[in-house]
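Morning, everyone. Please look at the model on the screen while I talk.

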2 protein chains.
Amino acid sequence: MRVLVIGANGDVGKNIVKSLKDTEEHTPVAMVRKEEQIDYFKNLNVETVLADLEGDFEKAYDQIEAVIFAAGSGPSTGPDKTVIVDQEGAIEATELAQKNRVKRFVLLSAMGADQPKQADQIKHYLYAKHRADEYLKASGLDYTIVRPGELTDDTGKGQVNLQESGVGLGSIPREDVAAVLVHLLTKKDAEGKVYELVSGDTKIEDL
Amino acid sequence: MRVLVIGANGDVGKNIVKSLKDTEEHTPVAMVRKEEQIDYFKNLNVETVLADLEGDFEKAYDQIEAVIFAAGSGPSTGPDKTVIVDQEGAIEATELAQKNRVKRFVLLSAMGADQPKQADQIKHYLYAKHRADEYLKASGLDYTIVRPGELTDDTGKGQVNLQESGVGLGSIPREDVAAVLVHLLTKKDAEGKVYELVSGDTKIEDL
C-alpha cells in the first residue's frame, strides 16, 4: 500500500519510514513540516510531502491507501501544542482519512490513554491522546491503535509483548514500536483493536 | 427546575446562581470545589455540593433536572488545566447528564470555538472548547451552547445581541451572560442551538 507517515521526521516516524521501505508491499510517503527535513528522506529515496499538521494538509492524502499517525508535539513545547498537534492533528488526520477513503489507519497512542483520569503525571497529554483515540474508534475507519510504554532509543530487539490490555508497565525501543506499527498495517485481525505494547518475548513477525 | 451550576464559584457562575435564585421556577445547586467556597452560597441561602470536576462528581447530580456548565480553568493556570477542566470536565459533565437523565444542558463556550484553526491566539483553548461543544452536540441531550465575546466585569445592561452566527466581535458583561444562560434554560426553541453573544439592543426577557 501507499502509506502516508504523519510525523515522519520524529524519532518513531523515521523508523516507520525505514520499516515500510524494507517491505515489498508498502511505499512510504513521508509528511514533513519543514523544507530542511526533506533531504533526509530524499537520500533514502523516499517520497516526501511538505505539509503542516496545523495548517491544511489534505494534499498529503493524494492516492494514499493507509495512514500511520506518529506525530507528537514532544516535550520541548507546552501543553497548548499537545492539544493542537497530538489531539487535534490526529482528529483532523482521521477526518481526512474518512474523506479520502483511506483503507487503514494506524495510530500511535500512549500507555495510560485508556484511563487518563487515573494518571498522576502528564494527565493532559493522556487526555489528548484519549480524545484522539476515541475519535478514531468512532470514525468507521479500519483502525488499529497502539499504546506503547516508555519509549527508548535502544536498538530494536525485534521481540515484544502486544496485548489488548494488561501488559503492565514497561519500556520499548522506538525501532520496535515502528516495526510493530508497520506489521499491524496488514494484519487482518488487528482491525478495530487497541493494543498495549512493551518489549517482550514474541517476535514481531509472529504477532 | 433543580439546576446544577458547575463552576458556581467563578465570576460567571456566581451571577448564574443569583439569576436562578431570582426566578420562581428554578432552584440552583452550586457545585464548588473547596470547603471555604461554601459560605458565600450559604449566605445566599443556596444549596451547595462539594465536588471536584477533576475527581468523581456524580454525587452532584442527585435529583438534578438541568445543568449549566460555566467552569473554566482560567488564565492563572496552564494549558494543561484547559484540557483537564474546560474540555474533559465538560465532557464528563455531559456523560453524567446522559447517565442521570438530565433534561437540559446549557454550556458556556467561547466565541471562536466554531473555528479554532483560524485563531491567532488561545488556539488550544478554542480547540478545547470546540471539542467539548462537539461532544455535547452529539450527546442526544437537549442542549444549548452559548459563545460570548470578551467578558467584562461591568454591570449588566440587560440588553444583548444573541444570534446563531455573525454577531461580530464584541464584549459583554458577565452578569448579562449569566442572565442569558438562565433565560435560555426554558426557552423551547433554543434546544439544539449554538449561539454567539455580545452586548446589543435586545432585552434579555424578549429573547
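I will take the interface first, then the sheets and their helices.

Some ground rules. This is a predicted model: local features need pLDDT of at least 70, side-chain atom pairs count only at pLDDT 80 or more, and totals for chains, interfaces and linings use all residues. Residues are numbered from 1 along each chain as its sequence is written, chains are lettered from A and ligands numbered from 1 in the order in which they are written, and side-chain values use heavy atoms, with hydrogens and water left out.

Now the interface. On chain A, 18 residues are in contact with 18 residues of chain B; contact means heavy atoms within 4.5 Å. Together the two chains bury about 1,600 Å², and 59% of that is on carbon and sulfur atoms. Buried area here is the accessible area (1.4 Å probe) that two parts lose on being put together, summed over both.

In one of them, Glu88(A) pairs with Arg131(B), and the closest N and O atoms are 2.6 Å apart. Helices H3 (79-99) and H4 (123-137) of chain A each supply at least two residues of the side that touches chain B. H3(A) gives the most, with 8 residues. Helices (H or I, at least four residues) and strands (E, at least two) are DSSP runs, numbered from the N terminus.

Next, the sheet in chain B. It is open, has 9 strands with mixed pairing, and runs E3-E2-E1-E4-E5-E6-E10-E8-E11. Strands pair if DSSP finds at least two bridges between them. E3 (47-50) and E11 (202-203) of chain B are at the edges with a single partner strand each, so one side of each has no neighbour in the sheet. E4 (66-69) and E5 (104-108) of chain B pair in the parallel sense over 4 bridges. There, Val67(B) has Phe105(B) as its bridge partner. Helix H4 (123-137) of chain B packs on this sheet, touching E5, E6 (143-148) and E10 (193-199), at about 160° to E6(B). Axes are lines fitted to C-alpha atoms, for helices over the stretch in contact, and angles run from 0 to 180 degrees between N-to-C directions.

Last, chain A. E8 (159-163) and E11 of chain A pair in the antiparallel sense over 2 bridges. Val160(A) stands opposite Thr202(A).

Terms used:
Salt bridge = Lys/Arg side-chain N within 4 Å of Asp/Glu carboxyl O.
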